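The sequence and structure come first, followed by notes on selected parts.

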Amino acid sequence: MDCLFCKIVAGKIPAKLIHDDEHCIAFLDINPQAPTHFLVVPREHVASLARGGSSHTALFGHLLTTASAIARDRGLANGYRVVVNTGPDGGQTVDHLHVHVLGGRHLTWPPG
Ligand code: 5GP
Ligand code: ZN
C-alpha cells in the first residue's frame, strides 16, 4: 500500500519522532501551523476517523491520551488544540488517521 504515514511508521521515510510505542508514533509536522505542531499516528493503517469502528475504541482513546501526555511534556500548559481532519470536506490530505496537536500561540475559532 502506498501510504505516506505507513512509510513513516515503518521507518522508510524519515520524520522527527517525538514518541514511539506499541500502538502509535508521534512526530513533528513538516509544515507547522503553530510553534508546536505534532501528529499522533496509529501504527495500524486506519484511513480516517470515519473508518473507525467499535474495534478501534481503545486505540482511538490511546491516541488522545498520548496527545495529552506529549502536550504536557512539551510545556503546553496554557492549552492547545487537537484536530482530526476527516475526509475531503474536513481537509484531510493524508489518508492515514492522524491527530494534530497545535499549541504555543493563541488559536482563533472558528477555523477556516
Ligand atoms: P491533513 O491535512 O491530512 O489533516 O494533515 C496532514 C499533515 O501531514 C499536514 O499538516 C502536513 O504538513 C503533514 N505532512 C505531510 N507530509 C508529511 C511528511 O512527509 N512528513 C511530516 N512530518 N509531515 C507531513
Ligand atoms: Zn497508512
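## Residue Q92

Beyond its neighbours within four places in sequence, Q92 has contacts (heavy atoms within 4.5 Å) with A47, S48, N85, T86, G87 and H98. Q92 sits in the loop between β4 (80-83) and β5 (99-103); strands are DSSP runs of E of at least two residues, helices runs of H or I of at least four, both numbered from the N terminus. With a relative accessible area of 11%, Q92 is buried; buried means under 20%, exposed over 50%, and partly exposed in between, with a 1.4 Å probe and protein chains only.

A polar atom of the Q92 side chain lies 3.0 Å from the backbone oxygen of A47, and one lies 2.9 Å from the backbone nitrogen of G87.

## Basis of the model

The model is predicted: local features need pLDDT of at least 70 and side-chain atom pairs pLDDT 80 or more, while totals for chains, interfaces and linings use all residues. Residues are numbered from 1 along each chain as written, chains are lettered from A and ligands numbered from 1 in the order written, and side-chain values use heavy atoms, without hydrogens and water.

Conventions: A polar contact is a pair of N or O atoms within 3.5 Å; within protein, one must be able to donate a hydrogen and the other to accept it, and residues adjacent in sequence count only if both atoms are side-chain atoms.
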